[in-house]
Amino acid sequence: MSVQPEMTDRTARRVHPELVPAFTSLPRLPDPYADIEATRQEFHEMLASFPADRTGVRSERFGIPRADGSVLTVEVYRPEGAAGTVPEEGANGAVPGSGGSALPAVLHFHGGGFALGRSLPGQDRVAIELCRELPAVVLTVEYRLAPEHRYPAGVEDCYLALEWAAGRAAGLGIDPGRIAVAGKSAGGGLSAAVALMARDRGGPALAFQSLCVPDLDDRVGADGAADAADAEGAGDSRVLDGRGVQTSWKNYLPEGTAEAEAYAAPARAAELSGLPPAHVLVCDLDPMRDAGLAYARRLMDAGVPVTVRNVPGAWHGFELYAADTRVAKEMTAHWTGQLRAALYPACPAVV
């Protein structure tokens with residue numbers, strides 16, 4: 001039987017009381033990049049052992065040609081009975097089988113340090129839950145992964161998926177006026193970057209950007225400042241710290257990069273005006289917390305409507321280990337509620 005490392009008294013004071021049992025049972029985190037293929041295989045084996053509940057949801061996979069002739073795969077999740085891949089619109093622009101109106105859409109970009117986190121086909125739990133709960137058409141994007149494919153490969157794939165979805169909105173049963181981007185961690189950073197790209201390139205209009213514990217700034221952890229949680233005793237090899245964030249960026253950015261571009265690290269963008277409304281959610285013990293809050297403040301200062309939420313006493317990815325806690329359920333409800341309110345303006349958000 002393995003013995004878990006003891007928490008310091010200082011750590012115990014910072015971790016939310018409801019999350020202490022989950023924190024004490026956390027495994028130590030190995031370096032995922034030491035053997036990235038093995039890490040991905042272990043992740044997929046774990047996913048396969050807990051199949052997602054697809055009740056009420058169906059999905060289809062599509063291939064989008066890239067300029068170099070390769071193919072980007074996206075999976076489109078829809079509520080059963082909703083329209084999709086139909087040949088033509090019905091009267092007054094309504095899509096057959098949709099009950100007279102198209103659904104909003106969410107492009108969901110998975111997390112995983114830009115290097116893993118891709119779901120098994122038809123098994124993206126976040127997409128399935130959003131599809132049912134909002135409801136919405138949810139597209140998951142199998143963007144190219146680092147370190148084999150460094151920036152800008154992944155974010156260009158995400159933007160290509162946005163263009164594809166908007167261009168085929170009628171056939172996919174999507175309301176083109178209600179398209180959002182959403183993601184956690186690296187997926188949150190990709191969402192912010194795609195919003196910048198759409199603005200700068202005159203691309204599809206976005207109704208909302210949902211940035212959950214977003215990875216926005218390549219400077220996090222570079223000088224040790226982001227390990228403030230460590231100084232308080234909350235960080236160790238069981239949770240993400242500034243050093244871990246730096247490892248991710250070093251594997252994502254092209255070798256020799258001195259300063260990341262804004263489409264890689266949105267926190268470096270000089271101008272944030274003209275972006276879609278945003279929801280920024282951070283966790284108290286996450287080394288990326290301050291960068292997320294700073295980005296939210298800059299969005300506000302640029303005139304962008306922003307809702308901010310901090311989860312006290314929680315670490316990056318805590319909900320994976322404490323899914324049944326009230327803290328995790330409230331975080332998910334708030335995140336989902338903000339998306340619902342943005343895509344269905346008459347519906348109140350969960351606060």
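Colleague: Before we start, what pLDDT do local features need here?
Modeller: Residues are numbered from 1 along each chain as its sequence is written, and side-chain values use heavy atoms, with hydrogens and water left out. In this predicted model, totals for chains, interfaces and linings use all residues, side-chain atom pairs count only at pLDDT 80 or more, and local features need pLDDT of at least 70.

Colleague: Is L19 buried or exposed?
Modeller: L19 lies in the loop between α1 (9–14) and α2 (20–24); helices here are DSSP runs (H or I, at least four residues), numbered from the N terminus. Buried means under 20% relative accessible area, exposed over 50%, and partly exposed in between, with a 1.4 Å probe and protein chains only. L19 has 0% relative accessibility, so L19 counts as buried.

Colleague: Which residues is L19 in contact with, leaving aside its neighbours within four places in sequence?
Modeller: One to look at is A314, 295 residues away in sequence, yet 7.4 Å away in space, C-alpha to C-alpha. Contact means heavy atoms within 4.5 Å. With those neighbours left aside, the residues in contact with L19 are G313, A314, W315, F318, A322, T325 and V327.

Colleague: How many Å does helix α5 reach from its first C-alpha to its last?
Modeller: Helix α5 covers residues 153–167, which is 15 residues. The expected span of a helix is 1.5 Å times one less than its number of residues. For α5 the expected value is 21 Å, and the helix comes close to it, reaching 21 Å.

Colleague: Why are α5 and α7 oblique to each other?
Modeller: Axes are lines fitted to C-alpha atoms, for helices over the stretch in contact, and angles run from 0 to 180 degrees between N-to-C directions. Under 35 degrees counts as roughly parallel, over 145 as roughly antiparallel, 65 to 115 as roughly perpendicular, and the rest as oblique. The axes of α5 and α7 (residues 186–200) are 9 Å apart, and the packing angle is about 60°. The two helices are therefore oblique.

Colleague: Which residues in α7 does α5 meet?
Modeller: From α5 come G154, V155, E156, C158, Y159 and L162. Among these, G154, V155, C158, Y159 and L162 are buried. Their partners in α7 are L190, A193, V194, M197 and A198.

Colleague: And T39, which residues is that in contact with, leaving aside its neighbours within four places in sequence?
Modeller: T39 sits in helix α3 (residues 36–48). T39 is buried, with a relative accessible area of 19%. Those neighbours aside, T39 is in contact with P32 and L116.
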